[in-house]
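Subject: Structure handover

Hello,

Here is the structure I said I would pass on.

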Amino acid sequence: MNDAILAEQLRKTGNLMDLLNDEAWVREADTDRASEEGTVEAGLGLQPYVELLKDASPEALQRQRWYVRVLSILLPELKGWLESWQLGRSLEAVYMEAQKCLYGHLRHLTPEQTVWIEVLLAEEEQALPNEQKVIRAEAIAMIAQMFTTEDWQAIANAAAQTMANDILRIGQGSVVLVATL
């Protein structure tokens, strides 16, 4: 990046993000970046991830993209379903546990589940409104079918543990309140 351009933009508008609306600047920045060698990353925390990507095979990267596509469809459906349970403050813990269960099952799909997911992905590429996505409408039923008794127990335990911790925290706060009266 040209520091003089950035300083001038900051002086003019006070907002560097305004540069993103300047097509000429975006093209120039793109050209500058394309001529540089190496990887582009944001933040030191990405270094291990970048190293992992360098060593990944094309098949592994393709598989990772497949997971991202599937999860971009299934996770919002899962969260909406769990929100309908009205779990209150336990929702986040339950959602995290359900995600773990789903991730595990996506790594070991049955042939029928694999076919269903491929049809789901094909439907998603059609760019239909969600109301018209027949296969996506089956997502919750498919997730529920994937989950085992152990998964449901882990999800229930997450809800119970969160609720117990909240009650204990409230109870301890009441004891302190009573003691100060």
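A residue is called buried when its relative accessible area is under 20%, exposed when that area is over 50%, and partly exposed in between. Keep in mind that this is a predicted model.

By that cut-off Arg136 is buried, because its relative accessible area is 9%. Arg136 sits in the loop between helix 6 and helix 7. Leaving out residues up to four places away in sequence, Arg136 touches Ser72, Ile73, Pro76, Glu77, Leu120, Glu123, Glu124 and Asn130.

One of these contacts is also a salt bridge: Arg136 pairs with Glu77, and the closest N and O atoms are 2.7 Å apart. Glu77 belongs to helix 4, so the pair ties together parts that are 59 residues apart in sequence. Glu77 has 23% relative accessibility and therefore counts as partly exposed.

What else is linked to this pair? Glu77, Glu124, Lys133 and Arg136 form a network of salt bridges. Lys133 is buried, at 4% relative accessibility, whereas Glu124 is partly exposed, at 26%.

The count of salt bridges comes to seven. Another of them joins Lys100 and Glu97, with the closest N and O atoms 3.6 Å apart. Both residues lie in helix 5, three residues apart, which is about one turn of the helix. Lys100 counts as exposed because its relative accessibility is 54%, while Glu97, at 18%, counts as buried.

Now the nonpolar residues. The largest nonpolar core has 29 residues, and the members that touch the most others are Leu74, Leu102, Leu106 and Ile117. Helix 4 (58-83), helix 5 (91-106), helix 6 (111-125), helix 7 (139-146) and helix 8 (149-180) each give two or more residues to this core. Which helix gives the largest share? That is helix 4, with nine residues.

Leu46 lies in the loop between helix 2 (23-35) and helix 3 (47-55). Leu46 is partly exposed, as its relative accessible area is 33%.

Regards

Technical notes. Residues are numbered from 1 along each chain as its sequence is written. This is a predicted model: local features need pLDDT of at least 70, side-chain atom pairs count only at pLDDT 80 or more; totals for chains, interfaces and linings use all residues. Side-chain values use heavy atoms; hydrogens and water are left out. A nonpolar core is a set of buried Ala, Val, Leu, Ile, Met, Phe, Trp, Tyr and Cys residues joined through side-chain atoms within 4.5 Å. Buried means under 20% relative accessible area, exposed over 50%, partly exposed in between (1.4 Å probe, protein chains only). Helices (H or I, at least four residues) and strands (E, at least two) are DSSP runs, numbered from the N terminus. Contact means heavy atoms within 4.5 Å. A salt bridge is a side-chain nitrogen of Lys or Arg within 4 Å of a carboxyl oxygen of Asp or Glu.
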